[in-house]
Amino acid sequence: MSPPTPRRRRALPVLTAALAALLCGLAPPAAAADDGPPDWTARPAGGTDRDARPYVYLEGTPGTVLQDRLTVTNSGRVPLTVRLRGDGRAGDWIRFAEDTVTVPARTRADVPLALTVPHDAVPGDTSGEAVATGGGEEIRVPVRVRTVGPTLAALGVEDVEVSGGTIRYALVNRGNAMLRPRLAVRAEGVFGTLLDRPERPLPLELAPGRRVERTEPWPDAPALDAVTVRLRVTASGGARDEAEASATYVPVVPAVGGGLLVLGGLAALASGAYRRRRTGRAGPQPPPDAGPAVQSEPPEQAGPPVKAQLPVATEPLLKAGAKT
């Protein structure tokens with residue numbers, strides 16, 4: 001009679017398969033995994049999905065409280081909890097009626113929001129975002145605010161510098177309106193105009209209070225010249241400003257030789273002037289005093305006698321360099 005060990009080995013796979021089938025039967029149905037992440041949207045309130053507003057737009061004077069609503073739609077099968085906040089400059093002005101909102105399944109909720117324009121806000125446009133976060137997702141809704149009031153367009157150009165083939169400058173928006181600057185460049189040399197670029201728009205939008213440093217290429221700058229570069233900037237609303245800078249272009253090698261020649265010429269001039277001074281100082285000097293001069297008797301004259309001139313009166317004149 002054969003031992004029972006082989007029969008016991010054949011029974012083990014059967015028991016393992018039965019146990020696996022039992023565990024699969026006890027597992028939760030796979031239908032619960034079909035829900036996945038919540039399906040939801042956030043947008044400005046009003047209209048339908050087809051004609052929904054692309055962003056929240058509000059307009060008012062400084063100190064005004066403006067109101068609107070944000071719509072959160074939950075298309076999922078389970079409730080959705082969404083956290084709301086503002087972001088950006090205009091977003092910091094937003095306060096929601098509730099910072100956390102729970103939206104039931106297949107339901108839409110309109111959340112009121114209030115935006116307070118600061119008392120010191122300058123007239124013009126300000127942007128930001130309303131941010132909704134929930135279900136592992138984040139949706140950002142643009143917010144644009146226009147502050148009503150007198151608009152001042154003021155544009156400045158400063159810190160102009162010319163270096164080689166590059167012109168550096170800075171633009172500053174000193175007003176309260178958004179500006180799109182235009183630039184004209186002109187350079188004058190000793191013998192005439194070297195550069196004349198007509199006014200053209202720059203690829204930037206300058207917000208109020210913003211400063212931007214830029215460069216203007218000048219690939220055909222002169223090799224030898226003294227130039228004055230003038231920049232003129234303009235923008236809508238009458239904004240305008242001008243600035244200039246000067247530069248001297250001298251070739252490197254000729255500059256060394258020219259500098260030596262100049263130094264040599266200056267040295268020669270200085271040496272000649274020094275020699276002239278020495279020559280002037282070594283000129284003839286009057287003879288030293290030899291004592292009182294002996295006068296001879298003047299010849300007899302028909303008229304009254306003429307007084308003889310004393311030599312003491314002529315001596316100081318000779319010492320002073322008087323010519324005889």
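Predicted model: local features only at pLDDT ≥ 70, side-chain atom pairs only at ≥ 80, totals over all residues.

Author: Residues are numbered from 1 along each chain as its sequence is written, and side-chain values use heavy atoms, with hydrogens and water left out.

Reader: How many helices and strands does the protein have?

Author: Helices (H or I, at least four residues) and strands (E, at least two) are DSSP runs, numbered from the N terminus. Here there are four helices and 16 strands. Of the 324 residues, 27% are buried, that is, under 20% relative accessible area with a 1.4 Å probe and protein chains only.

Reader: What is the strand order in the open sheet of four strands?

Author: Strands of a sheet pair through backbone hydrogen bonds, either parallel or antiparallel. Two strands count as paired if DSSP finds at least two bridges between them. In this open sheet the order is β13-β12-β15-β16, and the pairing is antiparallel. Its edges are β13 (192-201) and β16 (239-249), each of which pairs on one side only. Between β12 (residues 182-189) and β13 there are seven bridges, and arginine 182 is found opposite proline 201 in β13.

Reader: Which strands pair with β11?

Author: Strand β10 (residues 155-163) is antiparallel to β11, with seven bridges; glycine 156 faces valine 172 of β11. These two strands make a hairpin with two residues between them, and glycine 164 in the turn has a positive phi of about 60°. Strand β14 (residues 211-217) also runs antiparallel to β11, again with seven bridges, and leucine 171 is opposite valine 212 in β14.

Reader: How much space lies in the largest pocket, and which residues are closest to its centre?

Author: On a 1 Å grid over the protein atoms alone, a pocket is an open set of points where a 1.4 Å probe fits, with protein on both sides within 12 Å along at least five of seven lines; lining residues have an atom within 4 Å of a point. The largest pocket holds about 500 Å³, a volume being the space filled by probe spheres set on the points. Its lining has 22 residues, and Gly124, Asp125, Thr126, Val145 and Met178 are the closest to the centre. The elements giving two or more residues to this lining are β8 (124-134) and β9 (137-147).

Technical notes
Buried < 20%, exposed > 50% of the residue type's maximum accessible area, 1.4 Å probe, protein only.
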